[in-house]
Amino acid sequence: MQLQGKSVLVTGGAGFIGSHLVDQLSDCRVRVLDNLTTGKEANLAGANCEFVRGDILDRTLVAELMRDADVVFHLACRGVRHSIGNPVESHLVNAEGTLRLLVEAHRAGVERFVHVSSSEVYGTARYAPMDEQHPTFPETVYGAAKLAGEAYVRAYRQTYGLPTVVVRPFNNFGPRSHHEGDSGEVIPRFAVWALNGKPPVIFGDGSQTRDFIYVEETAAWLRRAAECDELVGQTVNLGSGVETSVAELATMIYEEVGRADLRPEFQPRRPGDVDRHLAHVQLARDVLDFKTRINVREGIGRLIAHLRSTHANPAELLSETSTINWQPKERSAA
Ligand SMILES: NC(=O)c1ccc[n+]([C@@H]2O[C@H](COP(=O)([O-])OP(=O)(O)OC[C@H]3O[C@@H](n4cnc5c(N)ncnc54)[C@H](O)[C@@H]3O)[C@@H](O)[C@H]2O)c1
């Protein structure tokens with residue numbers, strides 16, 4: 001199936017990955033549904049799309065938008081660190097929100113429903129690289145809710161024949177990534193600290209690894225995954241197939257900004273932090289001819305250049321970052 005000319009609904013399209021996906025869909029009629037909890041309308045500046053500010057939990061709005069959609073990319077979510085202090089909200093958006101979209105997508109007869117899941121559904125690696133058959137033992141409510149969302153997607157394929165694709169991206173980085181608040185990701189936070197001459201704060205000993213993929217590549221491959229008929233009913237990893245530790249990241253980022261003299265500050269590990277993630281990407285290679293071109297070091301260079309060009313005064317970014325960007329669990333938290 002080709003997406004060119006199709007009506008495409010992107011939930012979470014004002015967010016980090018979603019806005020890059022919208023950039024890849026300039027030959028489609030795109031509508032973005034986003035409530036701007038973590039997304040920004042500015043991420044869509046210059047994009048060829050209609051922006052609808054609203055919630056995926058708003059049944060009437062979702063039904064109306066689905067009626068006009070041929071294809072749905074579902075990315076709206078609350079993030080992993082947010083889930084630590086807000087487990088019920090994480091469930092409502094990431095699991096129940098997905099189910100509600102599926103109900104309306106099936107009713108409207110959409111041609112393809114691409115569910116953007118997460119490598120967090122695996123939990124820490126039992127073996128590496130992790131293929132799509134790797135056991136799913138998520139360690140956070142976020143991972144659990146994303147897994148529930150996936151299960152609903154598969155049930156809609158099996159029970160109702162909805163043409164679904166589940167994609168599991170590994171860790172993304174690049175322009176428009178979050179450095180701020182509880183959305184803050186490790187690479188942009190280190191980048192902001194480095195640009196401000198502050199040392200990196202590492203939770204744990206820094207040996208925990210992730211598989212980082214540059215966001216523009218993820219966005220391009222998400223489109224390809226939607227267009228691939230062979231992937232209907234399947235689940236596919238999107239990662240680089242390269243493992244990088246948090247300590248290595250810190251070294252690369254601080255070298256890039258010329259501040260390799262700043263030594264990391266180590267703090268106790270974060271709850272729910274997985275030890276190891278490394279994607280097995282053979283399925284994507286086989287069915288999509290998947291390959292990545294931008295490695296972590298090059299992507300870091302691009303991110304730093306982007307931050308320098310958009311923020312002449314990096315101190316503005318610093319005030320938005322927090323050192324501990326997750327809240328430990330409280331009995332009453334919901
Ligand atoms: N960033 C990563 O490294 C990564 C890795 C794996 C998977 N993912 C998945 O990719 C997707 C996008 O993540 P991201 O990193 O771009 O995060 P993001 O926070 O930038 O994007 C999520 C978007 O969803 C919107 N949103 C949240 N709740 C909503 C609601 N109830 N209704 C409508 N919109 C809502 C937010 O405003 C935001 O724009 C998510 O589904 C996430 O699970 C991300």
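This is a predicted model: local features need pLDDT of at least 70, side-chain atom pairs count only at pLDDT 80 or more; totals for chains, interfaces and linings use all residues.
**View 1. Helix α2 packs against helix α4.** Two packed helices are described by the angle between their axes and the distance between the axes. For α2 (residues 59-67) and α4 (residues 87-108), the angle is about 40° and the axes lie 9 Å apart. The two helices are therefore oblique to each other, and their crossing is right-handed. On the α2 side, the contact involves Arg59, Val62, Ala63, Met66 and Arg67; on the α4 side, it involves Arg100, Leu101, Glu104, Ala105, Arg107 and Ala108. By class, the residues of this contact comprise 6 nonpolar and 5 charged, with no polar residues.

**View 2. Helix α4 also packs against helix α5.** Here the angle between α4 and α5 (residues 141-160) is about 15°, and the axes are 8 Å apart. This angle makes α4 roughly parallel to α5. The crossing of α4 and α5 is again right-handed. From α4, the contact draws on Pro87, Ser90, His91, Asn94, Ala95, Thr98, Leu99, Leu102 and His106. From α5, the contributing residues are Val141, Tyr142, Ala145, Lys146, Ala148, Gly149, Tyr152, Val153, Tyr156 and Tyr160. The residues of the contact of α4 with α5 divide into 12 nonpolar, 6 polar and 1 charged. An α-helix has 3.6 residues a turn, so residues three or four places apart point the same way.

**View 3. A shell of 32 residues surrounds the ligand.** The closest residues to the ligand are Gly12, Gly15, Phe16, Gly39 and Ser118. At least two residues of the shell come from each of α1 (16-23), β2 (29-34), α4 and β7 (171-173). Which element gives the most to the shell around the ligand? Helix α1 does, with 3 residues. By class, the shell contains 13 nonpolar, 15 polar and 4 charged residues.

**View 4. Helix α6 is mostly covered.** Of the 10 residues in α6 (residues 186-195), 10 are buried. These buried residues are Val186, Ile187, Pro188, Arg189, Phe190, Ala191, Val192, Trp193, Ala194 and Leu195. Against which elements do the buried residues of α6 pack? They pack against β7, α8 (246-256), α10 (296-310) and α11 (315-318). Strand β7 also supplies at least two residues of the shell around the ligand. After α6 comes Gly197, which has a positive phi, near 70°.

Methods
Residues are numbered from 1 along each chain as its sequence is written. Axes are lines fitted to C-alpha atoms, for helices over the stretch in contact, and angles run from 0 to 180 degrees between N-to-C directions. Helices (H or I, at least four residues) and strands (E, at least two) are DSSP runs, numbered from the N terminus. Angles under 35 degrees count as roughly parallel, over 145 as roughly antiparallel, 65 to 115 as roughly perpendicular and the rest as oblique. A crossing is left-handed if the near helix is turned anticlockwise from the far one by less than a right angle, and right-handed if clockwise. Two residues are in contact if their C-beta atoms, placed from the backbone, lie within 7 Å. Ala, Val, Leu, Ile, Met, Phe, Trp, Tyr, Cys and Pro count as nonpolar, Asp, Glu, Lys and Arg as charged, and the others, Gly among them, as polar. A residue is near a molecule or strand if its C-beta atom, placed from the backbone, lies within 6 Å of it. A residue is buried if 20 or more other C-beta atoms lie within 10 Å of its own, exposed if 12 or fewer, and partly exposed in between; C-beta atoms are placed from the backbone.
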